[in-house]
Amino acid sequence: MSSSAASSSRTSYTDDPLTMALLPPKDESPTDRSARLHAEEEAKRISDRIDEELKKERAARKKQREREVKVLLLGQSESGKSTCLQQFALMYSPNAFQAECISWRPVVYFNLVRSIRRILEAILEPPTSASTDDLNEASSGRRSKSPASPANRFRELQMRLSPLLQVEESLIRKLAPEDEDEPTHLGEWRTVGESGTREYFINSASWKKALGKITNGKRPSAESSTSSLSSGSTSEDRSDPYYILQTFRDDMISLWTDPEVRQILQEKNVRLQDSPGFFLNDITRITARKYVPTAQDVLNARLKTVGIIEHHFALDRGAERGTDWKFYDVGGARNQRHTWVPFFDDVNAIIFLAPISAFDQSLVEDPRINRIEDSFLLFKAICSNKLLHNVSIVLFLNKCDLLRAKLEAGVPVNKYIISYGDRPNDYTNVSQYFRTKFGSLHHELSPPNRELYIHLTSVNDTESTRSILVNVRDTIIKRNLQASSLI
Ligand SMILES: Nc1nc2c(ncn2[C@@H]2O[C@H](COP(=O)(O)OP(=O)(O)OP(=O)(O)O)[C@@H](O)[C@H]2O)c(=O)[nH]1
Ligand SMILES: [Mg+2]
């Protein structure tokens with residue numbers, strides 16, 4: 001400091017009106033002085049205590065930030081977000097997860113019956129090839145010459161199985177709001193009114209409540225188990241879908257195992273085994289009297305997410321003791337995506353799921369859009385979003401099991417993704433291609449210092465997913481600690 005500055009500050013000290021006002025009076029008596037000193041001491045004590053409290057509050061807030069990890073799961077519909085979250089639930093609250101499995105029974109039933117409907121539609125819709133004369137007859141309504149022809153047989157089967165399609169109808173009314181075509185929540189039904197009319201009891205929060213129960217580690221309440229569908233045993237209520245499913249068990253099995261049916265499905269490229277909620281290989285088990293879905297059934301079942309649902313895991317053991325994990329699971333369908341943005345400025349990490357097996361599929365909500373193209377667009381939007389610049393991104397290139405099966409079945413990637421060119425059509429090359437493609441989008445659009453963590457996943461497989469989730473968890477915690485120490 002220069003000498004002129006020093007002297008000017010000395011001058012200002014004596015002239016400063018506040019300092020002058022605080023000086024003790026010139027004629028202060030010893031008693032007044034003692035009282036004044038005492039008052040000053042008290043004021044300082046209070047001020048120090050406030051400072052101390054503020055310091056403690058700041059430290060607690062910092063600790064809270066370090067302990068609280070908020071993760072947003074993003075990706076298109078059917079990318080595997082909710083399944084990934086269920087793997088976290090299975091890892092952190094296995095007992096509660098198991099206790100909840102029974103509530104999934106109606107969803108599994110629905111998934112099974114919908115697959116049956118898809119088979120019937122495929123075998124009865126107009127054939128794509130002129131060679132299938134019998135089917136031509138079936139679709140045109142002409143009578144087949146031979147009573148044992150496939151067309152007649154299929155029509156008969158359809159007639160016989162029609163009660164199953166009614167089960168599908170009633171389940172969808174119970175498990176979804178009016179404008180949805182697939183289950184969105186774990187529903188319950190109950191009989192109301194003196195006339196005994198059946199009312200569909202839509203519990204909009206039931207999915208949230210279900211996972212809420214998992215996080216609290218409590219068993220489902222008695223109230224939520226009153227329905228025959230979600231209770232442990234099969235009810236005596238003859239309208240319980242169990243009875244119809246049981247009655248048609250053998251017909252369903254013969255439909256699914258029929259060589260001619262398989263042939264038509266193959267010709268029409270209907271790959272039910274790759275579709276969400278595939279249970280056709282487990283018909284006997286699922287239609288058994290006291291069927292309770294296993295954890296794997298729950299992971300395989302398809303339940304669409306609508307809106308945003310928060311799940312909270314407070315960890316009380318292991319290295320992460322005291323860490324609060326908050327997951328936000330979102331609906332990935334196009335009409336759901338506007339709900340994501342309000343969460344962007346308050347998350348620590350994003351797990352983005354891109355189902356890379358979907359290279360030959362289009363979006364349900366817009367059949368003109370290839371699903372991989374949609375994932376690219378979505379990922380670009382996330383990487384370049386300014387609100388997310390400080391958020392870690394973990395990318396799951398998901399459904400690798402299905403990708404492998406599809407490639408082994410000979411489905412050519414370059415027919416759907418032109419830029420794949422003439423690279424070999426095998427798992428190693430295709431997965432590497434997608435890894436590089438997403439990596440370069442991230443490199444191009446993200447802020448320079450943000451890393452991308454990429455994993456090849458099949459999130460419905462518990463064993464392989466568990467180690468990936470541990471790795472992801474550690475990465476997110478580390479990044480979170482680094483970030484909070486900079487604040
Ligand atoms: N084979 C296989 N199936 C998967 C995988 N990941 C998810 N699935 C299945 O795909 C279906 C859709 O998964 P969800 O987790 O419901 O998808 P989502 O992203 O939450 O979909 P929305 O809620 O509509 O946004 C379910 O039936 C899952 O069992 C996977 O890696 N492999
Ligand atoms: Mg979901």
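Where does His185 lie? Select it: His185 sits in the loop between helix H8 (150-175) and strand S2 (188-191). Helices (H or I, at least four residues) and strands (E, at least two) are DSSP runs, numbered from the N terminus.

Before going on, note that this is a predicted model, in which local features need pLDDT of at least 70, side-chain atom pairs count only at pLDDT 80 or more, and totals for chains, interfaces and linings use all residues. Residues are numbered from 1 along each chain as its sequence is written, chains are lettered from A and ligands numbered from 1 in the order in which they are written, and side-chain values use heavy atoms, with hydrogens and water left out.

**Stop 1**

With a relative accessibility of 4%, His185 counts as buried; the term means under 20% relative accessible area, while exposed means over 50% and partly exposed is in between (1.4 Å probe, protein chains only).

Next, select Asp258, in the loop between helix H11 (249-257) and helix H12 (259-267). Asp258 is buried, at 9% relative accessible area. Its side chain reaches the backbone nitrogen of Glu260 at 2.7 Å.

**Stop 2: the magnesium ion**

Select ligand 2, the magnesium ion, and show its donors: Ser82 (OG) and Thr305 (OG1) coordinate the ion at 2.1 Å. Donors are N, O and S atoms within 2.8 Å of the metal (3.2 Å for Na, K and Ca); water is not among the atoms, so sites may look incomplete. Ser82 belongs to helix H4 (residues 81-92) and Thr305 to the loop between helix H14 (295-300) and strand S4 (308-314), so the pair ties together parts that are 223 residues apart in sequence. Ser82 and Thr305 are both buried.

**Stop 3: the sheet**

Switch to a cartoon view and find the open sheet of six strands, in the order S4-S5-S1-S6-S7-S8, with mixed pairing. Two strands pair if DSSP finds at least two bridges between them. S4 and strand S8 (452-456) are the edge strands, each pairing on one side only. From one strand to the next, the twist averages 20°; axes are lines fitted to C-alpha atoms, for helices over the stretch in contact, and angles run from 0 to 180 degrees between N-to-C directions.

Start at S4. It runs antiparallel to strand S5 (residues 324-330), and seven bridges join the two. Select Phe313 and look across to Trp325 in S5, which stands opposite.

Now move to strand S6 (residues 349-355). Seven of its seven residues are buried, so S6 is largely enclosed by the rest of the structure. Show the side chains: Ala349, Ile351, Leu353 and Pro355 point one way, and Ile350, Phe352 and Ala354 point the other way. In a regular strand the side chains alternate between the two faces of the sheet.

Which strands pair with S6? Strand S1 (residues 68-74) runs parallel to S6 and is joined to it by four bridges. Phe352 is the bridge partner of Leu74. Strand S7 (residues 392-398) also pairs with S6 in the parallel sense, over seven bridges, and there Phe396 is the bridge partner of Leu353.

Asn390 is in the loop between helix H15 (371-384) and S7, and counts as exposed at 71% relative accessibility. Its C-alpha atom is 8.8 Å from that of Ala349, 41 residues apart along the chain.

**Stop 4: the nonpolar cores**

Select Trp325 and Phe396 again. Of the 74 residues in the largest nonpolar core, these two touch the most other members. Such a core is a set of buried Ala, Val, Leu, Ile, Met, Phe, Trp, Tyr and Cys residues joined through side-chain atoms within 4.5 Å. Helix H6 (residues 105-124) gives the most to this core, with 12 residues. At least three residues come from each of domain 1 (68-98 + 305-486) and domain 2 (101-299); the domain bounds come from an automatic or database domain assignment. Another core, of 38 residues, lies apart from it and includes Leu74, Cys383, Leu407 and Val430.

Definitions and conventions
Polar contact = N/O pair within 3.5 Å; in protein donor to acceptor, adjacent residues only side chain to side chain.
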